[in-house]
Amino acid sequence: MSTIELTPPKKGINGTIEVPGDKSISHRAVIFSGLAEGTSKISNFLTGEDCMRTVQAFRQMGVTIEQNDDELIVHGKGIRSLSEPVAPINFGNSGTTARLMSGVLAGLPLFSTAFGDESLSKRPMDRVVVPLRDMGAKISGRKNGGLLPLSFDGSRLKGTTHELQVRSAQVKSSLLLAGMLAEGETKVIEAGTTRNHTEMLMPQYGIDLEVDGRMITIKGEQQPKAADLRVPGDISSAAFFIVGAAITPGSKLTIRNVGLNVTRNGIVQVMKLMGANITTTVHTHIGDEPVGDIHVESSTLNAISIEGDMIPNVIDEIPILALAATQAEGTTEIKDAKELRFKETDRIKAVAENLRKLGVKVEEREDGLQIKGRASLSGGTLQSFGDHRIGMMGAIASLISENVISIQDKECINISYPSFFNDLNKVLL
Ligand code: S3P
């Protein structure tokens, strides 16, 4: 674990960058390709540690996956040819691998076990285990399957109707994957909109499903087909540079080829509501996913309330939005975001603690934060808490801090954005 010291640059961030491939789409692309029959190519794949956990899971089930930089060639042999993993599967720090692969492992005719790192071992798994058991899944685990490690005695699942209580794309996707493997039809009724990459990608891999408002219906016993896919840039990674450019005087930045799916572009909408000078231009589509450029210039921001239906669309962007709030005129309220307490770390606590260290007045609430702007940020040593997004928030804070900011355990940023510091250096030139 090493610490990085970041000296405030005293100027804006400028130029044009491209961020790595989308994390959510990269996971799903490997899963569909790994289950498919035939050879699939995934380009601009996010090679961060989280997505490599999903790659490793399929390798352990006998799928040959070649990697050349950010391109993967997946030699799928079809669902029936997957083999029983000899060793336990390590989900590492990856909640998406854990939840989505649980849906897959529960429905494959093989026995498997899986574990995670210290952080993932504390994160709730009952949100997928309970509805999967309703489909007939045989899952055992710590705290009656509420926590990793888990074991899956893969069995024939039965299509079921699920009315989701928790608003989570991971839970929805896990159940759709299980539904695809099950006997009969599965319906998932969402509590509210969440990112829809699974629904958008499934047809590209020849999987039939029907979306009707909040209800998604999938037929069982479907065999995905191989496909080639280029992963758009990750808007959740772009978010750090969007906020960095908006809050650092003298900035003009373009981020190219970013996924602008409406269930993910909340960061742009929220920053615009705060008065940020941002334009987006969609120039292509990958399947149904819109892809385009984001241009941001520094501007004065005003405080707003971020709550309700806005939250699922910015769930991964709250830490960096909290930093934006420190530079907004007035008091920003973030509400209805209790899910943040179940992320890689308790992000409400981690954000409050780090912003306070920088001299910001922050109130922690059970489901959010109250942040007083416009604060001048001191410097100091910030903990990443092993959480990539908390680490990157601290690094972006150094663009406007009065003194050096040190970030402990900078390696955790490799989970979603291995080239983060290279890209940051590029725009500081
Ligand atoms: C993800 C869904 C979100 C998000 C996570 C990725 C996905 O989690 O926070 O980073 O790829 O489906 P929840 O489903 O728990 O909200």
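Where does Pro149 lie? Here are some notes to read alongside the model.

1. This is a predicted model, in which local features need pLDDT of at least 70, side-chain atom pairs count only at pLDDT 80 or more, and totals for chains, interfaces and linings use all residues. Residues are numbered from 1 along each chain as its sequence is written, and side-chain values use heavy atoms, with hydrogens and water left out.

2. To answer the opening question, Pro149 sits in strand 9 (residues 147-153). Helices (H or I, at least four residues) and strands (E, at least two) are DSSP runs, numbered from the N terminus. The peptide bond that joins Leu148 to Pro149 is cis, with omega about -5°. Another cis bond runs from Gly373 to Arg374, and there omega is near -25°. Arg374 belongs to the loop between strand 23 (368-372) and strand 24 (380-383).

3. Have a look at helix 5 (residues 142-145), where you will find Lys143. Lys143 has a phi near 50°, a positive value in a residue other than glycine. Asn144 is in helix 5 too, and its phi is also positive, about 55°, although it is not a glycine. Lys143 is exposed at a relative accessible area of 66%, and Asn144 counts as exposed at 61%. (Buried means under 20% relative accessible area, exposed over 50%, and partly exposed in between, using a 1.4 Å probe and protein chains only.)

4. Helix 11 (residues 318-326) is mostly covered, with 9 of its 9 residues buried. Among them are Ile318, Pro319, Leu321 and Thr326.

5. Two packed helices are described by the angle between their axes and the distance between the axes. Helix 1 (residues 23-35) and helix 6 (residues 169-181) pack at about 5°, with axes 13 Å apart. That makes helix 1 roughly parallel to helix 6. Axes here are lines fitted to C-alpha atoms, for helices over the stretch in contact, and angles run from 0 to 180 degrees between N-to-C directions; under 35 degrees counts as roughly parallel, over 145 as roughly antiparallel, 65 to 115 as roughly perpendicular and the rest as oblique.

6. Which residues of helix 1 and helix 6 meet? Arg28, Ile31, Phe32 and Leu35 in helix 1 touch Ala169, Ser173, Leu177 and Met180 in helix 6, where contact means heavy atoms within 4.5 Å.

7. The structure contains 6 aromatic pairs. (Rings of Phe, Tyr and Trp, the last by its six-membered ring, pair if their centres lie within 6.5 Å; planes under 30 degrees apart are stacked, over 60 edge-to-face and the rest tilted.) The ring centres of Phe240 and Phe420 are 6.5 Å apart and their planes stand at 80°, so this pair is edge-to-face. Phe240 is in helix 8 (residues 235-247) and Phe420 in helix 14 (residues 420-428), 180 residues apart, so the pair links distant parts of the chain. Both Phe240 and Phe420 are buried.

8. Phe241 and Tyr417 are edge-to-face as well, because their centres are 6.2 Å apart and their planes are at 65°. Phe241 is in helix 8 and Tyr417 in the loop between strand 25 (405-408) and helix 14, so this pair ties together parts that are 176 residues apart in sequence. Phe241 and Tyr417 are both buried. Phe240, Phe241, Tyr417, Phe420 and Phe421 form one aromatic cluster.
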